Amino acid sequence: MCGIVGYVGTEVRAAGAAALLRRMCGALAHRGPDGEGVHVGVGMGFGHRRLSVIDLSAGAAQPMASADGALCITYNGEIFNHVELRDMLEARGRRFRSTSDTEVVLQLYEEFGTDFVTHLNGDFALAIWDERRRCLVLARDRMGVRPLFHAWRGNTFYFASEMKALLQVPGIDAEIDPLALDQIFTLWAPVSPRTIIRGVSELPPAHIMMIENGEARSRRYWSLDFPDADERADGRSEAAIAEEVLALLEDATRIRLRADVEVGSFLSGGLDSSAVSALAARLAPGRLRTFAVAFDDPEFDESDWQAAMAAALGTEHHTIRCGADGIAAVFPDVVRHAEQPILRTAPAPLYRLAGLVRETGLKVVLTGEGADEIFAGYDLFKEARIRRFCARQPSSAIRPHLFRRIYPYLPGLQQQTPQYLAAFFGVGTDDPADPLFSHRPRMQTTAGAKLFYSDDLRAALRGYDAAEEFAACLPSAFTRWHPQHQAQYLETSHLLPGYILSSQGDRVAMAHCVETRFPFLDHRLIECAARIAPGLKLRGLREKHILREAVEGLLPGEIRGRPKQPYRAPDSAAFRDQAAAYVDDLLSPASVGAAGLFNPVAAARLLAKSRRAPLAGFRDNAAFAGILSTQLWVREFAAGATRMRAQPAA
Amino acid sequence: MSQSVQSEIRAFIVENFLFGDDSQPLDPDMSLIDNDLVDSTGILELVSFLEQRFGIAVADAEIVPANLDTIGRIAAYVGHKRADGTRLAG
């Protein structure tokens with residue numbers, strides 16, 4: 001895993017190009033401690049920070065040029081099918097100088113042009129300079145595992161794995177984009193390609209971009225697609241479908257164990273990481289090492305399940321205990337790496353977990369992330385089903401009781417009367433055709449935190465609707481899909497890359513130069529899961545039914561049958577002791593007023609309320625984490641220079 | 001009395017759910033749920049406040065939007081409870 005940077009254009013003078021590239025690389029040093037390289041050509045330059053995982057020799061160093069020097073690549077990621085691609089290319093007469101997957105990508109481009117990307121099965125963000133065409137090609141993996149950002153300055157185009165590298169370019173500054181902030185406070189993440197920095201964009205997942213003659217054009221090369229709702233279901237037996245799921249998951253895990261270093265696995269104690277760990281323990285050459293977070297607070301802790309699963313698999317298990325102080329102490333670092341405000345503290349324990357992985361000497365871990373999206377594991381999918389069920393008989397006093405069943409871990413909800421349950425979850429049920437139907441309650445609860453916006457920020461957002469912008473980005477086929485598939489698409493196309501794989505994934509892992517690999521996000525498995533009937537994924541209120549069937553025989557019965565426990569961490573409760581002393585300053589009226597984004601009086605009262613007792617409601621906790629992380633972001637990247645300027649939404 | 005009860009309830013909501021921000025419109029007929037002012041925890045906070053401040057006992061069946069979703073309804077509910085014996089929604 002690595003970090004990449006580069007530019008194309010005439011703004012950078014040759015004399016200062018290498019120094020600029022090294023400064024940009026320096027901002028990404030955490031992503032690649034094993035080496036640094038720069039390449040400066042005419043009107044272009046590439047930089048690379050290397051974390052050696054496949055072919056540890058100098059022969060695999062980057063940026064890497066083709067044999068004839070006409071192509072140059074800087075590449076972050078892994079191509080898991082590089083062995084098969086190499087065989088295919090050799091059969092077509094190509095010869096290789098190294099055993100690296102980087103050279104495979106380069107030769108694949110030589111062979112297939114920009115269609116090369118459709119052959120890749122992997123997690124990557126890469127740039128290829130084609131000297132003959134004088135064209136820069138950027139590409140990003142299908143699900144958005146690896147990040148890739150870009151910005152124009154004058155006639156020069158810059159790109160980098162993280163935005164902090166772009167901020168090394170003179171003239172590119174961290175001016176906050178109020179629309180992106182509002183998207184985070186509505187949807188938990190900006191709507192791609194928008195980022196929190198005005199003028200900086202990301203290359204969306206599954207996109208390839210060409211920059212030629214001073215112009216950029218991009219296209220999507222892969223789509224998450226579902227069958228039409230009225231399409232005839234797969235006629236195969238449930239057992240046959242489960243068999244296919246297991247075979248694909250096993251192969252996805254097998255090729256993700258390819259590395260010239262040891263590969264470990266996260267083990268949360270739930271179904272998904274247990275399945276991946278079980279397959280890895282079977283396929284890995286030595287004794288598998290597994291890693292988990294344990295919480296002091298039993299409300300969040302799953303360590304008993306983790307220990308049981310580790311014992312069943314015979315893995316060498318490592319645990320990091322996470323108390324409240326453990327979250328507060330690292331939260332500023334988490335925001336620095338995430339590079340955007342976050343509404344939950346959940347990335348912090350994962351940041352510490354990645355640190356533990358690195359301390360044990362590992363560079364690569366498998367995770368079970370992605371299964372909840374593709375096999376309908378999240379409570380939100382059940383919630384949407386119950387909301388539609390309730391909407392058919394709005395006067396029913398019995399149906400709303402079902403909401404209690406899906407949130408047994410939320411005491412506040414358990415105590416509600418059916419009338420209040422119906423009221424809380426009833427938002428949007430009068431419009432079942434709304435494309436965002438499944439996500440309206442979450443959006444409404446999250447948006448409650450906007451109460452804390454400053455007057456200036458409100459003015460800048462006047463007339464703007466983040467949900468409307470999100471809905472406008474949906475593909476035309478969306479309306480033909482089954483409602484559950486629509487909900488799965490929203491979760492998989494937005495929250496997964498925008499938050500789960502970034503703030504809780506690549507960013508916190510790469511902060512410790514640990515590479516995470518996701519067998520469930522192998523596109524072959526995703527395409528298979530998308531074709532499976534909604535009822536086989538969510539059977540009644542039993543989530544991931546077909547996956548549970550698929551892993552029968554692989555996992556102990558109590559793990560396989562265990563209801564999902566969402567991964568959560570203490571939010572405002574984590575900021576009540578000495579480790580959180582910095583919060584008083586960041587949320588002081590002076591600091592909040594200086595940043596200009598939130599109401600200083602309201603923020604001070606929120607802090608005071610959290611000091612009296614831990615905040616209990618979702619809205620207050622989301623506001624606390626959101627305001628605190630935004631204040632940290634401003635301090636880290638904008639140095640107080642981004643006082644909100646009231647500009648109309650555009 | 002009703003006016004002062006309404007004022008106290010309003011003050012509680014401004015302090016606890018609006019965090020002192022009194023600039024937002026907060027009409028007696030405004031839905032607390034539809035305007036994102038209370039979530040499931042907020043309702044329990046509100047009930048706790050009503051019981052402590054006004055010395056009433058709120059039955060589970062009375063915790064319904066018909067009694068508690070606007071300042072006006074809450075004030076009316078408290079008035080009925082204090083008057084004792086009046087049949088309530090729920």
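Student: Is Glu339(A) buried or exposed?
Tutor: In this predicted model, Glu339(A) is buried, with a relative accessible area of 1%, where buried means under 20% relative accessible area, exposed over 50% and partly exposed in between, using a 1.4 Å probe and protein chains only.

Student: And how should I read the numbering and the values?
Tutor: Residues are numbered from 1 along each chain as its sequence is written, while chains are lettered from A and ligands numbered from 1 in the order in which they are written. In this predicted model local features need pLDDT of at least 70, side-chain atom pairs count only at pLDDT 80 or more, and totals for chains, interfaces and linings use all residues, with side-chain values based on heavy atoms and with hydrogens and water left out.

Student: Back to Glu339(A), which side chain does it meet in a salt bridge?
Tutor: Glu339(A) meets Arg507(A), at 2.9 Å from N to O; a salt bridge is a side-chain nitrogen of Lys or Arg within 4 Å of a carboxyl oxygen of Asp or Glu. The two are 168 residues apart, Glu339(A) sitting in the loop between α9 (324–338) and α10 (347–359) of chain A and Arg507(A) in helix α20 (residues 502–510) of chain A. Helices here are DSSP runs of H or I with at least four residues, strands are runs of E with at least two, and both are numbered from the N terminus. Arg507(A) is buried as well, with a relative accessible area of 3%. Through shared partners, salt bridges join Glu339(A) and Arg507(A) into one network with Arg31(A), Arg146(A), Glu162(A), Lys164(A) and Asp506(A).

Student: How many salt bridges are there over all chains?
Tutor: The count comes to 58. One of them pairs Glu244(A) with Arg531(A), whose closest N and O atoms are 3.8 Å apart, and this pair links helix α6 (residues 238–256) to helix α21 (residues 523–531) of chain A.

Student: How accessible is Glu244(A) in that pair?
Tutor: Glu244(A) is partly exposed, at 23% relative accessible area, and Arg531(A) also counts as partly exposed, at 49%.

Student: New topic: which residues touch the most other members of the largest nonpolar core?
Tutor: They are Phe116(A), Phe575(A) and Ile9(B), in a core of 228 residues. A nonpolar core is a set of buried Ala, Val, Leu, Ile, Met, Phe, Trp, Tyr and Cys residues joined through side-chain atoms within 4.5 Å. The largest share, ten residues, comes from helix α28 (residues 618–638) of chain A.

Student: What does Ile9(B) touch?
Tutor: Leaving out residues up to four places away in sequence, Ile9(B) touches residues including Phe49(B), Phe54(B), Ile71(B) and Val78(B), where contact means heavy atoms within 4.5 Å. Ile71(B) and Val78(B) are among the buried residues of α4(B), a helix of 13 residues that covers residues 71–83 of chain B.

Student: What comes just after α4(B)?
Tutor: Asp84(B) does, and it takes a positive phi of about 70 degrees.

Student: Last one: what is the strand order in the open sheet of five strands?
Tutor: The order is β15-β14-β13-β16-β17 in chain A, with parallel pairing, and two strands pair if DSSP finds at least two bridges between them. The edge strands are β15 (316–322) and β17, each of which pairs on one side only. Inside the sheet, three bridges join β13 (residues 263–266) to β16 (residues 364–366) of chain A, and Gly264(A) stands opposite Val365(A) in β16(A).

How values were computed
Expected span 1.5 Å × (residues − 1).
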